[in-house]
Amino acid sequence: MTPTVQSFFDLATWTVSYVVYEKEGSACAIIDSVLDYDPKSGRTRTTSADKLIAFVQEKNLRVDWIVETHAHADHLSAAHYLRGKLGGKIAIGAAITDVQDVFKRIFHLEAEFQPDGHQFDHLLQDGETFAIGALTAEALSVPGHTPACMAYRIGDAVFVGDTLFMPDVGTARCDFPGGDAHSLYRSMRKLLSLPINTRLFMCHDYPPEGRPAVWETTVAEQRAKNIHVHDGVSEDDFVKMRSARDATLEMPVLILPSVQVNIRAGEMPPKEDNGVSYLKIPLNAL
């Protein structure tokens, strides 16, 4: 089945969120939502998430799932906010517990924060299927960028998260805690072994100068044109390239606030005695 895919591009973080559904009036899933965050003031807004809500209501959709491809390091998730407004279950790959364990130590989180994934409604295993109304979605484990990365195959569409970018941009970095370039290569080959007409939807686009942002491609186009992982690129060559490139990259602007929120399924840390939630900035830790 070919699902209907509506995309929402957030220019501030270069992130693409999706609403995936069969038809008007059916069930839907929301993938990789964005909670707007101003790092200068520490203020959040729901402008981007409210666009998703308006679309869901306009199309008379029922939210069954709010899914994350991974614990993002470049934007805050609006999953918690969306569930409160629209219902549905928040899901992520089961290996999120590994990510939670690492970052609980990095951020020295409160003792009550347990790295067991219970903050999410459901933890997805590799190969697990779940229903979006009449649509069937399959979770595909694609570690490398993070240990918990998942892609979601829904009919002829696959939502690849940060595993792949558009062919002229290449592939995701692997230098975050738990990242591994060898694993990423194997994950990408897993995706690129799918039928060549499979539609691939990116979580981000960072377009070269002169090209507008786009986020849909195909397996065939990636295999022919991806500048990092086209057919013929060996695992050793990819790892050498990726490692050298990652060594030149700065940390994402929002990695420290976003990871703290995203390992909590989009919920803010518990409020302190004065009624305010705080995010931590660990010094000299990353």
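Guide: This is a predicted model, so local features need pLDDT of at least 70, side-chain atom pairs count only at pLDDT 80 or more, and totals for chains, interfaces and linings use all residues. Residues are numbered from 1 along each chain as its sequence is written, and side-chain values use heavy atoms, with hydrogens and water left out.

Visitor: How many disulfides does a search of the whole structure find?

Guide: A disulfide is a pair of cysteine sulfur atoms within 2.5 Å. The search finds zero.

Visitor: Is Cys 28 buried or exposed?

Guide: Buried means under 20% relative accessible area, exposed over 50%, partly exposed in between (1.4 Å probe, protein chains only). Cys 28 has 0% relative accessibility, so Cys 28 is buried. Cys 203 is buried too, at 1%.

Visitor: Which residues have the most contacts inside the largest nonpolar core?

Guide: A nonpolar core is a set of buried Ala, Val, Leu, Ile, Met, Phe, Trp, Tyr and Cys residues joined through side-chain atoms within 4.5 Å. The largest has 45 residues, and Ile 132, Leu 164 and Leu 191 have the most contacts inside it. A second, separate core has 40 residues, including Val 19 and Phe 55.

Visitor: How exposed is Trp 14?

Guide: Trp 14 is partly exposed, because its relative accessibility is 32%.
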